[in-house]
Amino acid sequence: MDAHNKPNAPVLDSYWMPFTANRQFKAAPRLLAAAEGMHYTSVDGRTILDGTAGLWCVNAGHGRRQIAAAVERQLSTMDFAPSFQMGHPIAFDFAERLAEIAPGPAGAKLDRVFFTGSGSESVDTALKIALAYQRSIGQGARTRLIGRERGYHGVGFGGISVGGIVNNRRVFPQLPGSDHLRHTHDPVKNAFVKGQPEHGVELADDLERLVALHGAETIAACIVEPVAGSTGVLIPPKGYLERLRAICEKHGILLIFDEVITGFGRLGAAFATDYFGVTPDLVTTAKGLTNGAIPMGAVFASRKVHDALMHGPEGQIELFHGYTYSGHPAACAAGIATLDIYRDEGLMTRAAELQEDWHEAMHSLRGLRHVIDIRTIGLIAGIELQSRDGAPGARAYDVFVDCFERGLLIRVTGDIIAFSPPLIAEKRHFGEIASTLADALKRVK
């Protein structure tokens, strides 16, 4: 008997759920039992259209037998191997496959790959690599890390230090010396935009302000999401990322793109780095790396950064960092099978083919009650609702529950509804998403 098919309802007390109002959830749980293609099946047998690719990760859709078979073969052959002072072929094979599609232009790809276990681990790894790089080139005083308001970079202490979500930072101490750029969201000038907004390039100059405040000689790296997802789909203004890149170059600051969400086809290119034509020094990834089948992350590094650490005695460890599950054999097998699917089905660029229909469907919601902004890029959308007085987030949560009860999974952050459907989606799915959400918005108070 399958674990999710037990005859009695599951006991909910023992599992302390992440990023969840546990008492509220356990009073009225929403439980998923199976998944295939574009849909989940709930424990009571209802079909739920996945409007969020799980959690921004199931880019190739659910239930891919090719991935499951690859994982099964690997587990039957070798379930685990240490990666400290040891190796196994599939990790090198996967890294080589990733290097072929690595972010950046030909001849300057970020083709040195460090494996992690999640997006949070990828962020903390990239921050540590940046600090190690600065020390290796004689810039050890560069210890300051710059993030951005309304940025999300996972839940490690490094990630929440450079992150800019207040509730993610309120309870926990942060690394000393971190600071933040202003966010780029300007609903007055840039409301209801398809693609990149026209206004706001000058916000990149906020990095110059921080350089003047702290001194460039103290700043190791600046990390941003090319498109901020977890705070409600904040899209960079035209020219913003280019100017940020130029300022970093001018002052010897490493630029890190957090592509945990935008990596592997979400915008219609393999990476947002390629979509925007702006190449950072480090790129963090996870989620779509294995289609969400097995937890895994990876940091892509430029050869400049990587090679700067490859000095000193050959017997010394160049980067004193890693994880038990770095390059896990089964995760690598899942990743290689995922890359095969992306290649064979053209999923890395499919969002570019679908985005016009997607944007039209999402912007058809303009004018509905409570909708104050809609933002779309690639196969991503953010629909912002007017908050209730004294109850921010409550209206979007009610819409979330309503949609789930009527067969649609959405994601909410505050009063912003975020969509990121699997890249196998078709136009009919866009219509169903828009129709279900429109009905929910008409019902919500």
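A cavity is a set of points, on a 1 Å grid over the protein atoms alone, where a 1.4 Å probe fits but cannot get out, and lining residues have an atom within 4 Å of a point. Grid points are joined across faces, edges and corners, and a volume is the space filled by probe spheres set on the points. The model is predicted: local features need pLDDT of at least 70, side-chain atom pairs count only at pLDDT 80 or more, and totals for chains, interfaces and linings use all residues. Residues are numbered from 1 along each chain as its sequence is written, and side-chain values use heavy atoms, with hydrogens and water left out.

**View 1. The largest cavity.** Two cavities of 30 Å³ or more are present in the structure, and the largest holds about 100 Å³ of space. Its lining consists of Thr184, His185, Asp186, Asn190, Val193, Gly195, Pro197, Val233, Leu234, Ile235 and Arg375. Five of these residues are nonpolar, four polar and two charged (nonpolar: Ala, Val, Leu, Ile, Met, Phe, Trp, Tyr, Cys and Pro; charged: Asp, Glu, Lys and Arg; polar: the others, Gly among them).

**View 2. The second largest cavity.** About 30 Å³ of space lies here. Residues lining this cavity include Gly151, Tyr152, His153, Gly154 and Arg169. Helices H6 (157-162) and H7 (166-169) each supply at least two lining residues (helices are DSSP runs of H or I, at least four residues, and strands are runs of E, at least two, numbered from the N terminus). The lining has three nonpolar, seven polar and one charged residues.

**View 3. The second largest pocket.** This pocket (an open set of points with protein on both sides within 12 Å along at least five of seven lines) contains about 1,200 Å³ of space. It is lined by 34 residues, of which Ser83, Val113, Phe114, Phe115 and His321 are the closest to its centre. Two or more lining residues come from each of helix H4 (89-100), strand E4 (112-116), strand E11 (297-301) and helix H11 (303-308). H4 gives the largest share, five residues. By class, the lining comprises 18 nonpolar, 11 polar and five charged residues.

**View 4. Helices H3 and H12.** The axes of H3 (residues 65-77) and H12 (residues 329-344) come within 8 Å and cross at roughly 150 degrees (axes are lines fitted to C-alpha atoms over the stretch in contact, with angles from 0 to 180 degrees between N-to-C directions). The two helices are therefore roughly antiparallel (angles over 145 degrees). Residues in contact (heavy atoms within 4.5 Å) include Ala70 and Leu75 of H3 and Ala333 and Ile341 of H12. This contact has 10 nonpolar, three polar and one charged residues.

How values were computed
Angles under 35 degrees count as roughly parallel, over 145 as roughly antiparallel, 65 to 115 as roughly perpendicular and the rest as oblique.
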